[in-house]
Protein chains: 2
Amino acid sequence: MEQYVSSRNLRFVIHEMLNTAELQRFERFQGYDKESIDMALDAAKQLSDQYLYPFYREMDKNKAVYDNGTVKVHPCMRPGIKALAEGGWISAHDEFEVGGQQMPYTLLNACTFIFHAANANLSCHPFLTTGAANLIRNFGSPELNETYIPNLYNGDWQGTMALTEPQAGSSLSDITSSAEPVNGGEYYKIKGQKIYISGGDHDGVDNVVHLLLARIKGAPAGTKGISLFVVPKYRPEGDGLVFNDVTTAGIYGKMGQKGYVAAHLMLGEQHDDCRGYLVGQANAGLKYMFQMMNEARIGTGMVAAATASAAYYASLKYANERPQGRHPSNKDLTLPQVLIIEHADVRRMLLYQKAVVEGSIALLMLCSYYGDVSHQSTGEEAQNAHLLFELLTPIAKSYPSEWGIHAVSMGMQVLGGAGYTDDFPLEQHYRDIRVNAIYEGTTTIHGLDLLGRKLTMENGKAAMLLGQEIQKEVQTALTMPALAPYAEKLGKVGAGLQETLGKLVQTGMQEGPEVYLADATIFLEYFSYLVMGWMWLKQANLAQKALDAGQSGSEKLFYESKIQTCLYYFEYELPKATALKVTLNSSARVTLGTRPEVLV
Amino acid sequence: MEQYVSSRNLRFVIHEMLNTAELQRFERFQGYDKESIDMALDAAKQLSDQYLYPFYREMDKNKAVYDNGTVKVHPCMRPGIKALAEGGWISAHDEFEVGGQQMPYTLLNACTFIFHAANANLSCHPFLTTGAANLIRNFGSPELNETYIPNLYNGDWQGTMALTEPQAGSSLSDITSSAEPVNGGEYYKIKGQKIYISGGDHDGVDNVVHLLLARIKGAPAGTKGISLFVVPKYRPEGDGLVFNDVTTAGIYGKMGQKGYVAAHLMLGEQHDDCRGYLVGQANAGLKYMFQMMNEARIGTGMVAAATASAAYYASLKYANERPQGRHPSNKDLTLPQVLIIEHADVRRMLLYQKAVVEGSIALLMLCSYYGDVSHQSTGEEAQNAHLLFELLTPIAKSYPSEWGIHAVSMGMQVLGGAGYTDDFPLEQHYRDIRVNAIYEGTTTIHGLDLLGRKLTMENGKAAMLLGQEIQKEVQTALTMPALAPYAEKLGKVGAGLQETLGKLVQTGMQEGPEVYLADATIFLEYFSYLVMGWMWLKQANLAQKALDAGQSGSEKLFYESKIQTCLYYFEYELPKATALKVTLNSSARVTLGTRPEVLV
């Protein structure tokens, strides 16, 4: 079994960085002490080793195929989904009374990270089901709960998130799928098309349940007229299932994630008899969906970071086994070649990967922790955790997705020509990871979200809270000689960003939202460097304290690796923030000033 | 026919930036006036439209397959190669007396760029043949010339470059394939293995001729004991061809360039009867091969830039056709959605692509021009052109290869989900372009070449010449108000780089080559930003002059697009040089200080 994840690192984040066991102060999480957390992590790893990892490359080589209205996936999909369901992972976050384990998101996401690193082509399926089930659980009627939840939680049925339409990709205001009430709203007749529906149809389950956005006839224009429906492929009637007129027109030929179907669905096209069941209130669908989308965004970041994790360990293994070349200072040809990990530039590429992977994990787990606190706590603590979660979501989604692409690319580069071939898994990681910067809102969308919404909400309170959190780490690091210079650097980047944001806001007030938002993606990159600097200083602070307390053997190496990766981040990555600051502070307005006809 | 290249831009570079017709001052290039240059460019485009472009995606979907020792490629390979041969493109650079056209490299490479943009999976084959033929032409005996050149030039036989061995990827010193003289050197018995041999075996030609590196028994160790051989798959004997014991053990499952085979060859394995014919002097093989490698490096940069060119035009087309979303300042839902090219961030992604593609073309053509001058001129002019060619080769190879990856990725991002599917060519461009940063020396190797060899050769004379060339453009730009601020910025980056290099050299003298070369890849990136800034200022200077002289219609738009892309480069890209300068000036020695065992 090849390594695809570091269990030691996950435990570092879960226990040392976050003290997840302390979440037991919330009644819901009683019993999640350190031992049971470790048991859950072990169980996740064991399941992954058995049902997920061995089929990662298999599912790519024998990809999902569409044949005359049906979608055949790899034969290991069904037992894999079943194993995850039987392990309790689909319902783990939910309450005991519906068969859940009331597991903290922090722990669940650490386990999910292991599943994704082993084989996200498979593991995405049950976790999409969890998201769909959540919407029914939170907003659906008792009848919907009774009919759907048990079948979703036992892995027999697949849940999906059906938003995108051909004419309305990222622009949800322009959704046109229609819903017409029948029998005073007993059900709705659904008409329309949905595209790129992940897990939208496949034979690894018995039924597929779409949590689908549509517009009730006569509803207001835009996002205020969108409702949420449960639309199954087969609807339960009496004791059996009846075809619900959801047809799969085809699946997309994706560059990667080939085991994981993206379907094109036609609703009510064959018999004009596709029935949808309203979830919650009419016209409130987007609000509900956003709950699922926030989870899906963290989930997308996790898939990206997990793919980069598997790629990192694959390239590290190669670098530790492949002899090639000699040191610049000793080219004696009678000596054997050295392992490529001896070359400075190979180490740089490995450190880059490690910095992206472990920095991403730290942020994703921290966001999960904020999620737990915001849901379980009350008052200011809950509100602050919620604000930080909201502010950091665009980064937790986009940083692993965008920088993960480069990290996997570096992993491939470590292998040289071998990395470009299917003799090694890197080329699959490279293809698979690319989509995460598109899924669940492109990076552009998240830039707009960050600058246009998150930084301005409650008069910038989230940003202020983040500033305080960063200051805490800076102050701690300033007391440690090895880290003090980096604390100062991070403080400077933070101050520069604050100043840049202030100027941007002023410019926006003077020149309007086009100018304010024009470089939102660049701002997101800039902000990401700050947030990741914070993550690395946080980890290095803990590592330095552990080293100061005395460590030996592999534990010593582990903490040293954290310090060394932090140094790498501050010497090679953080300086890039300065370049982005220059661009953001320019008044040249290049992109706005480029008339479309000039692009030839 | 979709656009994959800008003929207007190639003409701008060839006529306005380089004045290629002026090369007629060299006797070899008599007759290459503006009209005949344009005719050649038109012929190349016409041939590409007919034989190359229509099969680009075809050759990916029906990839090359290995079956029991033989390799089947797409049926369009043979007519495509033949068409290129009959058009005279394989021998175009060579002399009239062997059927060539004595075409300047500058023009030939502009034409080759068109072929590669249309379908590099096909066009790489004949150009590899040209490289192999060049070695025979320059260093081979009359007999070798007589036997091989006509068959290579008429497209019946494929030429290759057989360097890489399993135990010696980038480390050519460690080549072990052996050659034992028979009959006093009439031929050599070759034994060994070669891997990743591009075009190494396929049924689009009747024979394959390997220009192969091997070690004559008893030769000195390292690069000084390597000889060059002609090793055909079938050797001519009497009137026919006899199997020469070159067996294809398999082909690699590549992520991209699937139409273009990379073969694993066994030499002399079946019958101990693989015959090689020495080219030139024994033990001088690597020196000869480097001639071909320099061409191959420029060629690799061209393939990368050409792939990025095709991707740019595919994403530009989509951006001009796809409606999606609304302006931040006008979200009125009763209005139709705007074309995505209206969004600032989409324009940024398009400008990035354009900056990479056209900056790369300018540099590649300039290098080709220096190549022509260095070969045809004499004295100081030839020597200076040679030095600049040598200095710029690592950038001309690596910049299009590395930044081209990002450019294609941006192109895919412009399409969103659609870009990730095979409904559009972007996903193929994305897979295809990735290998160029590995082929013909990884980026790491070119960083070492730049810093360790090119910048120090003749006491830094090449760098001094480059500084003068950059200064010329800076001075010109300073006279134009619109460009003067950018001239100043470029001057500053140049000065910063000079200072950084000075410090590095000093550090290297004090601390040795490990430290001097540790961040060679980062230095190459830094240097690339300077060189590309020079290319953009050069182009903008010409465009501004043309605009000042008065332009209208599409010509005006063309020159404005150059200015606008130059602004983009200076506002968004050049600032990144500063970040790299910070890293290079650090004394933290992070990568050297990272012990391998700390990478966990």
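1. Helix H17(B) is covered from both chains: what lies over its buried residues includes helix H16 (553-573) and helix H17 (576-584) of chain A, together with helix H13 (484-511), H15 and H16 of chain B. Of the 9 residues of H17(B), 7 are buried, namely Lys576(B), Ala577(B), Ala579(B), Leu580(B), Lys581(B), Thr583(B) and Leu584(B). A residue is called buried if 20 or more other C-beta atoms lie within 10 Å of its own, exposed if 12 or fewer, and partly exposed in between, with C-beta atoms placed from the backbone. Helices (H or I, at least four residues) and strands (E, at least two) are DSSP runs, numbered from the N terminus.

2. On provenance: this is a predicted model, in which local features need pLDDT of at least 70 and side-chain atom pairs count only at pLDDT 80 or more, while totals for chains, interfaces and linings use all residues. Residues are numbered from 1 along each chain as its sequence is written, and chains are lettered from A and ligands numbered from 1 in the order in which they are written.

3. The contact between the chains involves 80 residues of chain B and 80 residues of chain A; two residues are in contact if their C-beta atoms, placed from the backbone, lie within 7 Å. On the chain B side, the elements giving two or more residues are helix H8 (344-376), helix H9 (379-415), helix H10 (426-433), helix H14 (513-517), helix H15 (520-548), helix H16 (553-573), helix H17 (576-584) and helix H18 (590-593). H16(B) gives the most, with 9 residues. By class, this side has 36 nonpolar, 28 polar and 16 charged residues. Here Ala, Val, Leu, Ile, Met, Phe, Trp, Tyr, Cys and Pro count as nonpolar, Asp, Glu, Lys and Arg as charged, and the others, Gly among them, as polar.

4. Leu599(B) lies in the segment after H18 of chain B. What does Leu599(B) contact, leaving aside its neighbours within four places in sequence? The partners are Leu316(A), Ile341(A), Arg347(A), Leu350(A), Lys354(A), Ser561(A) and Thr594(B). Leu599(B) is buried, with 21 other C-beta atoms within 10 Å. Ile341(B), by contrast, is 44 Å from Leu599(B), C-alpha to C-alpha, and 258 residues from it in sequence.

5. The largest nonpolar core has 430 residues, and those with the most contacts inside it are Phe229(A), Leu363(A), Leu537(A), Phe229(B) and Leu363(B). Such a core is a set of buried Ala, Val, Leu, Ile, Met, Phe, Trp, Tyr and Cys residues joined through C-beta atoms within 7 Å. Not counting residues up to four places away in sequence, Leu363(A) touches Leu392(A), Ile395(A), Ala396(A), Tyr399(A), Val531(A) and Met535(A).

6. Helix H2 (residues 34-52) and helix H5 (residues 105-139) of chain A pack at an angle of about 5°, with their axes 9 Å apart. Axes are lines fitted to C-alpha atoms, for helices over the stretch in contact, and angles run from 0 to 180 degrees between N-to-C directions. H2(A) and H5(A) are therefore roughly parallel; angles under 35 degrees count as roughly parallel, over 145 as roughly antiparallel, 65 to 115 as roughly perpendicular and the rest as oblique. The contact of H2(A) with H5(A) has 12 nonpolar, 3 polar and 1 charged residues.

7. Helix H9 (residues 379-415) and helix H12 (residues 461-478) of chain A have axes that come within 9 Å and cross at roughly 95°, so H9(A) and H12(A) are roughly perpendicular. Asn384(A), Leu387(A), Leu388(A), Glu390(A) and Leu391(A) in H9(A) meet Lys461(A), Ala462(A), Ala463(A), Leu465(A) and Leu466(A) in H12(A).

8. All 6 residues of strand S3 (residues 157-162) of chain A are buried, so S3(A) is largely enclosed by the rest of the structure. Trp157(A), Gly159(A) and Met161(A) point one way from S3(A), and Gln158(A), Thr160(A) and Ala162(A) the other way. S3(A) is joined by 6 bridges to strand S6 (residues 207-216) of chain A, and the two run parallel; strands pair if DSSP finds at least two bridges between them. Gly159(A) has Val209(A) in S6(A) as its bridge partner.

9. One check on backbone geometry concerns Asn459(A), which is not a glycine but has a positive phi of about 50°. Asn459(A) is in the loop between helix H11 (443-454) and H12 of chain A, and counts as exposed, with 8 C-beta neighbours inside 10 Å.
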